[in-house]
Amino acid sequence: ALYRALAHQYGCIVADLAAEPPDARLVDAIGAENCVRNGILPWKTVGGATVVICSRPADFPEHSRWLPESFGPARLAVAPESDIQDALIAARHRALANRAETRVAASQSCRTWQTGPNWRYAAAGLVTVAALTVLAPIAAFTLLTAWAVLTLLVNTGLKAGAAVLYRRARRAAKAAAADPAVPDPAAQSADALRLPTVSILVPLFHETEIAGRLVRRLEAIDYPRELLDICLVVEADDTLTRNTLAVSDLPHWMRQVTVPGGAVRTKPRALNFALDFCRGSIIGVYDAEDAPEPGQIHKVVRRFAMRGPSVACLQGVLDFYNARENWLARAFAIEYAAWFRVTLPGLEKMGFAVPLGGTTLFFRRAALEELGGWDAHNVTEDADLGIRLARHGYRTELIDTVTKEEANCRPWPWVKQRSRWIKGYAMTWGVHMRAPG
């Protein structure tokens, strides 16, 4: 009814994309990613003019200015944004999938790990150590032990420094809170702040219960619904999750983004694909089991408003709602408390790059797109992105807001998770040591 009324208002038609798909050559002329980002779709050529479908017809005059001259006169048609996106994915899913896999520059992606001299140096180093172990085992053992001890000492010193800075920052925060003469910059900026649209990406995989658990937790967020754009990102071949979504009554501010198949199937690839479909100027990432604080988005928006564009990322604090389930869950909770409340804030204060967590992340969209999003081939895409942000001159700050998630409290899943983290950290180190300066 809405789009029939818009068509009547603007003197055009409602396009039936299911009956008549778009001309793929017209889509290629301006690029599928531009179509997705602007909510438009060149549909067909009629009498020397090109019919362009727009989900927001008030923006059509602006879009028509940058259309190619080969299109001739542009004629307006309207259709829901979801129909436009579905038609684009159907027509150009390979191009969009390839873009999601290769958004990050090859020089900063692990998809080209074999390029450059580093792998040769690593191979030569391994051969040297093996030869030394055979020819002089005592010397080899002594050198390796000394290297391990030195590494542990440096790591312990780094954590101790982070703890000292954390205590100083807490004392300063308490003193500022106790002094009524010190104004609260967040409160000062709240009144004058024009709230932006915030898009939240929630990757899903093999989910059987969404309408109750996930929707209920995200409904607790108190940000205005018309400015909240939650994208549930699901793989095209994940029939279990797609069937669950099909029978779920999702609120209007949640929508599904289906990721077509490709050469790899990873979380960062899915995030890259969904990024173009986001509406917001701030991009957040949650996991399916997350339970964020109700006021979390407001805190993020205020912090970005207070900081300059050099602060491109905010990392929230992660806790667990099942920390008392067993011993492993308690150990996990202690580790996360130290990592997110002491170590990472200390690294930030010392000016080091911050290895990000995989959830409760918020980015300025412009900076994220400048860096090419996430490395689709890295299994710890969050830590890699934290290093790339620092390499490009951007800063990451920790923000005092908590998201609770489920601790991995079973031995074998825990082993697989840790193995993936260690592998990903090694991949990230190898990528960025191509140019360590």
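Biologist: At what angle do helix H7 and helix H13 pack?

Modeller: About 85°, with the axes 7 Å apart. H7 covers residues 137-178 and H13 covers residues 327-350. Axes are lines fitted to C-alpha atoms, for helices over the stretch in contact, and angles run from 0 to 180 degrees between N-to-C directions. Helices (H or I, at least four residues) and strands (E, at least two) are DSSP runs, numbered from the N terminus.

Biologist: Which residues of H7 and H13 make the contact?

Modeller: On H7, Leu 158, Gly 161, Ala 162, Ala 163, Leu 165, Tyr 166 and Ala 169. On H13, Arg 341, Val 342, Thr 343, Gly 346, Leu 347, Lys 349 and Met 350. Contact means heavy atoms within 4.5 Å. By class, that gives nine nonpolar, three polar and two charged residues. Ala, Val, Leu, Ile, Met, Phe, Trp, Tyr, Cys and Pro count as nonpolar, Asp, Glu, Lys and Arg as charged, and the others, Gly among them, as polar.

Biologist: What kind of model is this?

Modeller: It is a predicted model: local features need pLDDT of at least 70, side-chain atom pairs count only at pLDDT 80 or more, and totals for chains, interfaces and linings use all residues. Residues are numbered from 1 along each chain as its sequence is written, and side-chain values use heavy atoms, with hydrogens and water left out.

Biologist: Back to H13. How do the axes of H13 and helix H16 cross?

Modeller: They cross at roughly 30° and come within 12 Å. H16 is residues 411-432. H13 and H16 are therefore roughly parallel to each other. The cut-offs are under 35 degrees for roughly parallel, over 145 for roughly antiparallel, 65 to 115 for roughly perpendicular, and oblique for the rest.

Biologist: Which residues meet there?

Modeller: Leu 328, Phe 332, Glu 335, Tyr 336 and Trp 339 from H13. From H16, Pro 411, Trp 414, Gln 417, Arg 418, Trp 421 and Tyr 425. The classes are eight nonpolar, one polar and two charged residues.

Biologist: New topic. What is the order of the open sheet of four strands?

Modeller: S1-S4-S3-S2, with mixed pairing. Two strands pair if DSSP finds at least two bridges between them. S1 (13-14) and S2 (40-46) are the edge strands, each with a single partner, so one side of each has no neighbour in the sheet.

Biologist: How many bridges between S2 and S3?

Modeller: Six, in the antiparallel sense. Val 46 has Ala 49 in S3 as its bridge partner. Helix H5 (residues 81-101) lies across S2 and S3, at about 75° to S2.

Biologist: And strand S6, how many of its residues are buried?

Modeller: Eight of its eight, over residues 228-235. Buried means under 20% relative accessible area, exposed over 50%, partly exposed in between (1.4 Å probe, protein chains only). Leu 228, Ile 230, Leu 232 and Val 234 point one way, while Asp 229, Cys 231, Val 233 and Glu 235 point the other way.

Biologist: Which strands does S6 run parallel to?

Modeller: S5, through seven bridges, and S7 (residues 254-259), through six. Leu 204 stands opposite Val 234. Leu 232 has Gln 256 in S7 as its bridge partner.

Biologist: What about phi at Thr 360?

Modeller: Positive, about 55°, although Thr 360 is not a glycine. Most residues other than glycine have a negative phi.

Biologist: Is Thr 360 buried or exposed?

Modeller: Buried, with a relative accessible area of 0%. Thr 360 sits in the loop between H13 and strand S11 (361-364). His 206 also has a positive phi of about 55°, but His 206 is partly exposed at 49%.
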